[in-house]
Amino acid sequence: MENRLLSLQRQYLALINSQEGKLSHRDEPLDWERLHMASCARLAWLLALKRGVKPELAACAATIHDIGRVITGLQADHAAAGAVPAQQFLAATNLFSQQEILQLVQAVANHSSKAVIGSPLEEIVKDADVVDCFQYGLPFARKEQQLRYEAWEKGIVFSPYTAG
């Protein structure tokens, strides 16, 4: 019996593969989506262990956080655009409870709001996203991404429990 993370990633890779050739333009190639999905999931698992969040759920949220960009091909507004496809995809996997689906969809929908403090799960996805992009040498498109990365480097954790 494979665990939920592996099952989710297999199904998500199938979704990514199904998008091959559907759009004439993509802001990011599907190869990047595959790589970013896997490396963000690993980072999220490790961050969750340190922050007392369920590692499996954090890795699952990070796995699908860019589903909006995978479906639309567009970077602009991809987080919000991913909410409905994420909900549909997660429901179809039969891997998660309704409460877990709501948490995962919220993390997907809010992961681009790097300056806004969300749930601990959302914050893990945001941090995994910026750290992963940095490790591959991608420039920060917005100042809030750079500030989040710099805070992470200093060991500052944004969460609703530390917000002033």
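Let's start at Asn-94, which sits in the loop between helix H6 (83-93) and helix H7 (98-110). This is a predicted model, where local features need pLDDT of at least 70, side-chain atom pairs count only at pLDDT 80 or more, and totals for chains, interfaces and linings use all residues. Residues are numbered from 1 along each chain as its sequence is written, and side-chain values use heavy atoms, with hydrogens and water left out. Helices here are DSSP runs of H or I with at least four residues, numbered from the N terminus.

- Asn-94 isn't a glycine, yet its phi is positive, at about 60°.
- Asn-94 counts as exposed, at 69% relative accessibility; exposed means over 50% relative accessible area, buried means under 20%, and partly exposed is in between, using a 1.4 Å probe and protein chains only.
- Asp-77 also isn't a glycine, and its phi is positive too, near 60°.
- You'll find Asp-77 in the loop between helix H4 (67-72) and H5, and it is exposed, with a relative accessible area of 66%.

**His-78 and its partners**

- His-78 lies in helix H5 (residues 78-81) and counts as buried at 3% relative accessibility.
- The side chain of His-78 makes a polar contact with the side chain of His-111, at 3.1 Å. A polar contact is a pair of N or O atoms within 3.5 Å; within protein, one must be able to donate a hydrogen and the other to accept it, and residues adjacent in sequence count only if both atoms are side-chain atoms.
- A polar atom of the His-78 side chain also lies 2.7 Å from the backbone oxygen of Gln-75.
- Skipping residues up to four places away in sequence, His-78 touches Asp-66, Gly-68, Arg-69, His-111 and Ser-112; contact means heavy atoms within 4.5 Å.

**Ile-16 in helix H1**

- Ile-16 is part of helix H1 (residues 4-18), and it is buried, with a relative accessible area of 0%.
- Setting aside neighbours within four places in sequence, Ile-16 is in contact with Leu-30, Glu-33, Arg-34 and Val-70.

**The largest pocket**

- The largest pocket holds about 340 Å³ of space. A pocket is an open set of points on a 1 Å grid over the protein atoms alone, where a 1.4 Å probe fits, with protein on both sides within 12 Å along at least five of seven lines; lining residues have an atom within 4 Å of a point.
- Its lining has 19 residues, and Arg-69, Gln-75, Cys-133, Ala-141 and Gln-145 lie nearest the centre.
- Helix H2 (30-51) and helix H8 (120-135) each supply at least two lining residues, with H8 giving the largest share, three residues.

**Aromatic rings**

- The structure holds six aromatic pairs. Rings of Phe, Tyr and Trp (its six-membered ring) pair if their centres lie within 6.5 Å; planes under 30 degrees apart count as stacked, over 60 as edge-to-face and the rest as tilted.
- One of the pairs is Phe-140 with Tyr-149, which is tilted: 5.8 Å centre to centre, 35° between the planes.
- Tyr-149 and Trp-152 have ring centres 5.6 Å apart and planes at 40°, so this pair is tilted.
- Tyr-149 and Trp-152 are about one helical turn apart because they are three residues apart in helix H9 (residues 143-153).
- Tyr-149 is buried at 8% relative accessibility, while Trp-152 is partly exposed at 29%.
- Phe-134, Phe-140, Tyr-149 and Trp-152 form one aromatic cluster.

Key: Points joined across faces, edges and corners; volume = space filled by probe spheres on them.
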